[in-house]
Amino acid sequence: MKARRRLAVLPTPLHRLPALERKLGTGPLHLKRDDLTGFGVAGNKARPLEFLLGDALARGADTLVTAGAPSSNFIAAAALAARVCGLRCDILVAGAPTPVELASRSGARLLFTGADRDDLDRLVDEHAAKLRAEGRDPYPVPRGGATPVGALGFAAAAEELADQLAGDATVLIPTGSGASLAGFLAGQAAIGASWRTYGVSVSRPADRMRAEVLDLATRCAALAGTPAPDPRDLHLIDATGTGFGQVSDADRRAMRTVLDTEGILVDPTYGAKMFAALPTEAPAVLWHTGGLPWALKP
Ligand SMILES: Cc1ncc(COP(=O)(O)O)c(C=O)c1O
């Protein structure tokens, strides 16, 4: 296994949602509480960052270079992870600066690019090349930490789930960059678990997501030295709706139902869309990936 810098408090709890099960008339629903990873408010993103920072430190990098939208949970988590690991952090941000963003994030150098989100990964590489030319030693990380190293975080999470859950299940994972889903599939293949795994894709159409996730999962498994995932184990639910970050009435209802039945807050961008995708075949594991700083925004 690659170098790992522990950041999260693991394992995160896995528990049943009895009141929601009654309300929806479903079979067993389990919630995997990555909103409780306990590192800043990183949610699921604490997992890839453990391996990305481990690798950056092992390589003697001095600067983490990454990117995202101003509202990205990943960039906030990456900035904090770099800080506690003693690395500098340069973050390329999509769009134009806003006073809130400038005031609320400290530590990292924010470079507002004016670019679209889709251009950011290329800009990360260009920025890293510029830093190298200046004699620095950057560690470039694409949006969401979507590299084979970052995906190792969720490969380990699959093992964690296998220790907590007996028997077969449908697993639902909110999906943005696809790093979590890809890592999970690699981990699932490594332990030979027969879960039906669904990514709930909130930003990219399911057909495009499928190829990207399978490629990343295969590269993650190769890095871990474990069997390649079976493409038949990957299922995707297209939850892109009217666009990334757009909150529908169904999303609001789902957030409200989870809050009113179980007292659990889910975010509108990822968690709400996963709960809106219910009912699904039970027993099911719903992966609460965090994202709570934005939960009260819409
Ligand atoms: C709260 C939350 N949930 C889910 C995801 C999606 O994870 P991934 O990018 O690994 O697909 C993200 C990504 O930033 C996130 O912030």
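I start with a cut-off, since I need it below: a residue is buried under 20% relative accessible area, exposed over 50%, and partly exposed in between. I also note that this is a predicted model.

**Asp90**

I looked up Asp90 and asked: is it buried or exposed? Asp90 comes out at 2% relative accessibility, so I log it as buried, because anything under 20% counts that way. Asp90 belongs to strand 4, which runs over residues 88-93. I then checked its side chain for a partner and found His127, with a polar contact of 2.8 Å between the two side chains.

**The ligand site**

Next I went to the ligand. How many residues surround it? I get 14, and the closest are Asn73, Gly176, Ser177, Ser180 and Thr289. By type, the shell around the ligand has three nonpolar residues, 10 polar ones and one charged one.

For Ser177, a polar side-chain atom is 2.6 Å from a ligand oxygen.

How much of the ligand does the protein cover? On its own the ligand has 390 Å² of accessible area, and the protein covers 97% of that. I also looked at the pockets, and the ligand takes up the space of the largest pocket. Two elements give two or more residues to the shell: strand 7 (170-175) and helix 7 (179-191).

**Cis peptide bonds**

One joins Leu10 and Pro11, with omega about 0°. Pro11 sits in the segment before strand 1 (14-16). Another runs from Ala282 to Pro283, with omega near 0°. I place Pro283 in the loop between helix 10 (271-276) and strand 10 (284-288).

**Pairs along the chain and in space**

Here I compared sequence separation with C-alpha distance for a few pairs.

Leu20 is in helix 1 (residues 18-24). How far apart are Leu20 and Glu262 in sequence and in space? They are 242 residues apart in sequence, and their C-alpha atoms are 6.7 Å apart. Leu20 has a relative accessible area of 1%, so I put it down as buried.

Gly114 lies in the loop between strand 5 (109-112) and helix 5 (120-133). With a relative accessible area of 56%, Gly114 is exposed, because the cut-off for that is over 50%.

Ala78 is part of helix 3 (residues 73-84). I read its relative accessible area as 0%, so Ala78 is buried. From Ala78 to Ala239 I count 161 residues in sequence and 26 Å in space, C-alpha to C-alpha.

Leu57 is in helix 2 (residues 46-58). Which class does Leu57 fall in? Its relative accessible area is 35%, so Leu57 is partly exposed; that class covers values between 20% and 50%. Leu57 and Asp118 are 61 residues apart in sequence, with 28 Å between their C-alpha atoms.

Note on methods: Residues are numbered from 1 along each chain as its sequence is written. This is a predicted model: local features need pLDDT of at least 70, side-chain atom pairs count only at pLDDT 80 or more; totals for chains, interfaces and linings use all residues. Side-chain values use heavy atoms; hydrogens and water are left out. A residue is near a molecule or strand if one of its heavy atoms lies within 4 Å of it. A polar contact is a pair of N or O atoms within 3.5 Å; within protein, one must be able to donate a hydrogen and the other to accept it, and residues adjacent in sequence count only if both atoms are side-chain atoms. Accessible areas come from the Shrake-Rupley method with a 1.4 Å probe; for residues, only the protein chains shown count as cover. On a 1 Å grid over the protein atoms alone, a cavity is a set of points where a 1.4 Å probe fits but cannot get out, and a pocket is an open set with protein on both sides within 12 Å along at least five of seven lines; lining residues have an atom within 4 Å of a point. A molecule sits in a cavity or pocket if more than half of its atoms lie within 2 Å of its grid points. Helices (H or I, at least four residues) and strands (E, at least two) are DSSP runs, numbered from the N terminus. Ala, Val, Leu, Ile, Met, Phe, Trp, Tyr, Cys and Pro count as nonpolar, Asp, Glu, Lys and Arg as charged, and the others, Gly among them, as polar. Buried means under 20% relative accessible area, exposed over 50%, partly exposed in between (1.4 Å probe, protein chains only).
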